[in-house]
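Hello,

Here is the structure we spoke about. Please look it over; my notes follow below.

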Number of protein chains: 2
Amino acid sequence: MRQSVTISDVAARAGVSPTTVSHALSGRRSVSAATLARVRQAADELGYRPSPVASSLRTKRTHMVGLIVPDIANPFYPAVARGLHDVIAADGYYTIIGSTDGQRDTELGFLDGMVRRSVDGIVMFSFAIEEKDLTKVVPARTPLVVATGNLPSGHDRVGTDDAGGSEAATRHLLAQGITEIAFVSGPKGNGPGDRRLAGYTQAMLAAGLAPAEADIVRSDYTVAGGREVVGELLGRRRPPRAVVCANDLIAIGALEAAQAAGVPVPTALAVIGFDDIDAASLVAPPLTTVANPAYEFGRQTGQLLLDRLLDRYDGPPRTVVVPTRLVVRATA
Amino acid sequence: MRQSVTISDVAARAGVSPTTVSHALSGRRSVSAATLARVRQAADELGYRPSPVASSLRTKRTHMVGLIVPDIANPFYPAVARGLHDVIAADGYYTIIGSTDGQRDTELGFLDGMVRRSVDGIVMFSFAIEEKDLTKVVPARTPLVVATGNLPSGHDRVGTDDAGGSEAATRHLLAQGITEIAFVSGPKGNGPGDRRLAGYTQAMLAAGLAPAEADIVRSDYTVAGGREVVGELLGRRRPPRAVVCANDLIAIGALEAAQAAGVPVPTALAVIGFDDIDAASLVAPPLTTVANPAYEFGRQTGQLLLDRLLDRYDGPPRTVVVPTRLVVRATA
DNA sequence: TGCGCTCTGCAAATCGATTTGCATCGTGGG
DNA sequence: CCCACGATGCAAATCGATTTGCAGAGCGCA
């Protein structure tokens with residue numbers, strides 16, 4: 001079950017040593033033009049396809065990058081994966097994926113597996129792991145990009161401008177003269193909800209408005225959750241004139257609640273979501289939302305990684321914040 | 001830059017040869033209980049983590065599976081990826097991904113790259129490649145699951161029951177006494193549109209109805225396209241009482257066209273989509289559609305692959321058809 | 001002429017595991 | 001008592017590349 005054509009076969013055919021073939025094809029040492037031509041031709045004629053596995057054993061480089069996410073089927077991550085993929089594939093790197101469901105053991109398992117497989121770099125979305133776990137499993141020399149907001153920074157890092165996004169959304173409402181604005185966040189924790197909440201608060205304060213405690217409510221990140229809490233908001237004596245939501249699903253729930261209550265959108269209630277998932281443009285009326293550019297996010301992780309893989313950068317950890325963009329449709 | 005702990009280190013510590021360590025840990029030959037214990041302990045104490053790269057070089061097995069898709073960011077494929085991932089990860093296999101954008105050269109490039117990386121198996125969604133390309137690049141012994149409908153079968157294969165799905169959708173309408181049913185397919189070609197069309201036709205014929213040529217229209221697979229062609233249908237002298245669409249986006253476009261024309265859904269126009277994308281349940285009214293179970297699809301590809309990887313099956317190519325399921329919501 | 005330097009090329013070691021072939025030691029059956 | 005065989009362990013070959021060290025040839029310069 002040996003490989004069909006090896007470097008020795010090429011060497012034999014070209015009448016040189018395997019050493020010379022290696023040098024000729026890799027260019028790590030110079031060979032004469034004549035030899036180079038003979039080697040090239042021999043390789044060509046035999047259909048030589050070098051074995052990356054053998055090469056990796058010696059060089060310790062696999063041209064593979066690990067991507068660890070909670071769930072590759074969750075719409076955000078495929079776009080990230082694609083962005084990463086597009087950046088690194090251009091330099092011949094492959095992406096190897098692990099879905100962890102946010103389980104700590106699974107996260108560690110994939111991390112360990114990928115390190116042993118000697119991936120050249122790792123992009124990690126982790127929610128259950130801590131810095132010391134990371135350093136225990138991942139050798140210091142392996143580039144690692146961390147893509148979650150909760151870890152202290154000992155690695156390169158990419159994040160979304162959550163606060164800036166909801167700040168822009170809030171300002172968009174304020175600019176229309178709307179001041180009674182509520183915010184629907186996610187569950188307490190280190191998810192994006194409270195970072196987005198912070199942007200809302202800041203915009204309100206900057207406008208000289210102090211958001212009342214009652215104007216800030218929490219939900220899980222689902223349509224049903226959004227429908228429920230916004231339904232409750234609308235039932236109050238003084239319902240808000242607008243809601244900014246921590247994600248699009250909540251916002252879609254808000255739309256449903258408004259419709260159920262007979263409250264016209266956006267004239268009586270303006271709604272703004274966050275993420276710009278596919279469905280945002282498909283619901284009726286189409287949702288005004290803050291685009292969370294997952295693809296761009298992925299590209300940035302790829303850039304940070306590639307800069308280190310190709311020795312273009314060798315300094316202290318860097319952080320990239322991916323900007324968001326307000327997409328104005330019909331709900332605000 | 002050598003690996004920290006190698007098999008020789010373990011051997012030294014346990015006072016045996018590397019051979020014995022290998023046999024002890026792999027169980028390929030028997031070792032005495034005492035030796036086994038000593039080896040285990042030595043490995044443990046040193047924190048031995050075997051190198052899959054070295055192992056692969058000798059064994060030709062990498063425990064990696066390649067997944068080649070047109071676009072990992074397209075909602076269908078992440079779910080497939082997850083299904084595949086879940087099945088094979090249980091046996092220690094990793095998924096390595098390539099997005100090709102349906103480009104022939106890119107498809108071939110990833111195929112070649114993965115084969116050279118000596119993946120143990122490949123799952124391929126290809127639209128631009130032909131059987132002979134495949135056999136040229138992929139060694140006969142590498143298990144390959146083909147997941148598109150247009151290739152002649154020389155490999156294991158997984159497909160969706162496209163015809164069955166739209167047949168069920170059509171019958172669902174017929175059962176309500178609706179007979180004026182139109183079908184919106186995709187562009188001519190080997191996409192799923194015409195396989196879905198076939199199911200519609202069959203159901204109509206089985207009911208003794210001969211669908212008129214005018215009842216079958218084509219669109220691209222987008223909302224805009226669906227809106228346009230269904231708008232045209234509704235403007236006819238005798239508009240259909242229902243439309244079955246080749247995918248959900250078209251169906252959502254149909255919804256928009258109906259709303260624009262003031263045609264109530266489902267009372268004056270019933271609409272059924274195909275795929276059950278996330279947005280299907282989020283639009284208003286929620287879309288009745290045929291679920292195309294991508295996750296299950298991925299699991300099936302994983303099963304076919306794993307059966308061969310683990311030598312559980314060694315016969316001629318098999319085909320698995322993943323059943324669809326009618327999801328009745330509010331539009332039909 | 002002689003010294004040193006660059007250019008070219010090869011032999012051999014190396015990466016870290018797996019696998020084959022051989023040797024040794026008991027043990028039980030004939 | 002002897003032979004066959006299973007159990008156990010090691011030395012060495014192997015997978016297919018890369019890299020190091022060495023050597024010969026050719027050239028320029030003092």
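**The sheet across the two chains**

Strand S2 (residues 94-99) of chain A pairs with strand S2 (residues 94-99) of chain B, antiparallel, over 3 bridges. Two strands count as paired if DSSP finds at least two bridges between them. Strands (E, at least two residues) and helices (H or I, at least four) are DSSP runs, numbered from the N terminus. A:Thr95 stands opposite B:Ile97 in S2(B).

This is a predicted model: local features need pLDDT of at least 70, side-chain atom pairs count only at pLDDT 80 or more, and totals for chains, interfaces and linings use all residues. Residues are numbered from 1 along each chain as its sequence is written, with chains lettered from A and ligands numbered from 1 in the order in which they are written.

The open sheet has 12 strands, in mixed pairing, in the order S11(A)-S5(A)-S4(A)-S3(A)-S1(A)-S2(A)-S2(B)-S1(B)-S3(B)-S4(B)-S5(B)-S11(B). Strand S11 (319-322) of chain A and strand S11 (319-322) of chain B are at the edges; each has a single partner strand, so one side of each is left without a neighbour in the sheet.

**A:Leu269**

A:Leu269 sits in the loop between helix H11 (248-261) and strand S9 (270-275) of chain A. Why is A:Leu269 classed as buried? Because 25 other C-beta atoms lie within 10 Å, and buried means 20 or more (exposed: 12 or fewer; partly exposed in between; C-beta atoms placed from the backbone). A:Leu269 and A:Ala242 are 27 residues apart in sequence, yet 5.0 Å apart in space, C-alpha to C-alpha.

Best wishes
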